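Welcome! Take a look at the structure below, then work through the exercises.

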There are 2 protein chains.
Amino acid sequence: MIQYVRQHVSLSSSHYDAALNEARELRMLARNGIFDGPTSGFAPGLAQGNVVILPKEWANDFLVYCQKNPIACPLLAVSAPGETSIASLGENIDIRSDVPEYCVFRHGELVEHTSDIKNIGWDDMVAFVLGCSFSFEEALLRAGLSLRNVESQSNVSMYQTNLPTVPSRCFSGNMVVSMRPFRPAEAIRAIQITSRFPKSHGAPIHFGNPEDIGIKDIHAPDFGDQVVIKEGEIPVFWACGVTPQLSIANAKPPIAITHSPGKMLITDLTNEQLSVM
Amino acid sequence: MIQYVRQHVSLSSSHYDAALNEARELRMLARNGIFDGPTSGFAPGLAQGNVVILPKEWANDFLVYCQKNPIACPLLAVSAPGETSIASLGENIDIRSDVPEYCVFRHGELVEHTSDIKNIGWDDMVAFVLGCSFSFEEALLRAGLSLRNVESQSNVSMYQTNLPTVPSRCFSGNMVVSMRPFRPAEAIRAIQITSRFPKSHGAPIHFGNPEDIGIKDIHAPDFGDQVVIKEGEIPVFWACGVTPQLSIANAKPPIAITHSPGKMLITDLTNEQLSVM
């Protein structure tokens with residue numbers, strides 16, 4: 001029995017070690033300009049995060065925006081102004097270079113995709129890292145559910161809704177949602193599983209009729225790819241990390257930097273560390 | 001702070017004491033033939049149970065049936081053959097008299113409603129107590145959700161489905177479900193809450209299109225009352241304690257005794273004691 005337990009622990013911990021090594025290696029490769037691709041599927045079991053960087057004059061209002069809208073904007077970490085590391089999320093992170101690709105916004109307009117933002121003055125910059133749906137998608141897959149966007153190797157479908165977020169000064173806008181189709185019994189299971197991941201948008205906010213939340217055409221997502229909804233399936237909608245990006249477009253700060261969609265910060269934390277129950 | 005905690009504990013425990021007194025008093029009133037009514041709303045916070053009584057030659061197959069179908073038949077307790085008390089569910093319970101009204105089945109046919117079954121030879125009888133949906137309904141109400149059947153003071157709508165249970169020798173049949181209408185966001189919350197009550201049928205087994213589970217006409221329940229499904233609401237279906245009753249009708253034992261619908265055994269256990277997480 002002790003032998004079995006030892007083997008089991010050893011197996012888990014070697015998987016974790018492998019993922020952790022991969023996370024740290026990918027951050028280094030991103031830092032050195034060698035890796036600038038999508039991070040989905042890398043460092044399995046480890047949490048990936050949405051990144052938002054703002055000047056400190058704008059940071060407090062955005063922090064309050066996250067606090068008021070925790071389902072769409074689940075905060076994992078905030079840096080001190082001018083700080084470049086985020087020790088609570090991983091060893092030796094440099095938030096200015098360890099994301100494979102960044103989007104630079106000026107006055108709310110996307111002006112540049114870049115793999116390095118070290119040329120931007122950092123003295124008063126504040127970095128936010130928000131949980132993303134990759135964490136709960138992994139849990140859904142482990143529970144034996146199929147994800148259409150994973151099956152079809154496409155991006156998840158995302159939509160603007162008519163559900164207003166709670167504004168914080170300049171930061172405001174409607175909630176953006178991601179959609180995954182399921183049969184009803186699978187949807188019930190998916191609700192149970194994603195409820196365990198409040199730092200990854202948690203349970204869905206709606207299912208069924210898209211018009212209930214202001215989506216006119218389910219076949220025309222506002223972001224991401226269209227995925228097929230099969231006979232007997234219903235669309236299930238989760239709050240999405242594009243929501244804070246829209247609030248930045250609305251707030252129009254002189255400068256804001258985010259990760260490039262799908263190219264996330266890979267942390268040292270496991271998805272299970274971020275789960276409840 | 002200590003003062004506050006003390007008051008809080010004292011308040012809870014006086015509520016519990018009042019409910020416990022009521023539970024024990026109602027069992028005594030039922031025993032003495034004074035109370036034979038529905039038990040809904042009595043002894044708030046305490047779990048009520050479905051009762052099934054079978055001769056011991058049939059009891060093992062039924063026990064296995066419950067084990068194979070735990071969502072429809074969540075076992076709270078089983079007595080030893082000939083035993084009249086069920087100590088694990090409450091003080092001084094006499095299962096032959098403490099249920100307000102019983103149904104007596106002979107060869108699968110209902111032959112009698114009676115408030116006392118002490119005239120039935122008890123030497124080889126085995127009593128089963130199964131969890132019922134009252135436990136999760138209370139949790140839904142406490143979470144601020146409205147239950148149409150409670151609002152309209154009617155019985156919940158119940159339907160035969162085409163979902164087969166797993167048979168155990170003679171015991172078999174399709175699952176019976178209860179239906180409660182909710183708006184999608186409320187349904188998501190209801191799924192989270194009822195997941196905490198595996199001994200009370202747990203999470204729903206289906207929502208949406210009734211025909212998916214073989215229900216031809218949602219407006220014509222097979223048991224209970226019709227409840228209105230309002231615009232924007234969808235029907236949500238939970239496994240129901242009528243399922244084991246149907247399995248008894250199919251098995252046709254020479255004698256079987258159940259509680260009369262809605263007139264349950266009130267236990268000394270709190271609903272929260274039966275919950276998980």
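**Exercise 1.** Is A:Val276 buried, partly exposed or exposed?

*Solution.* This is a predicted model, in which local features need pLDDT of at least 70, side-chain atom pairs count only at pLDDT 80 or more, and totals for chains, interfaces and linings use all residues. Residues are numbered from 1 along each chain as its sequence is written, chains are lettered from A and ligands numbered from 1 in the order in which they are written, and side-chain values use heavy atoms, with hydrogens and water left out.

Start with the classes: buried means under 20% relative accessible area, exposed over 50%, and partly exposed in between (1.4 Å probe, protein chains only). A:Val276 has a relative accessible area of 36%, so A:Val276 is partly exposed.

**Exercise 2.** Is A:Ser260 buried or exposed, and which residues does A:Ser260 contact beyond its neighbours within four places in sequence?

*Solution.* First, the relative accessibility of A:Ser260 is 4%, so this residue is buried. Next, contact means heavy atoms within 4.5 Å. Setting aside neighbours within four places in sequence, A:Ser260 touches A:Glu101, A:Tyr102, A:Cys103 and A:His113.

**Exercise 3.** Find how chain B is related to chain A.

*Solution.* Superpose the copies by least squares on the C-alpha atoms of residues with pLDDT of at least 70 in both. In chain B, the C-alpha nearest the axis belongs to B:Gln192, 3.1 Å from it.
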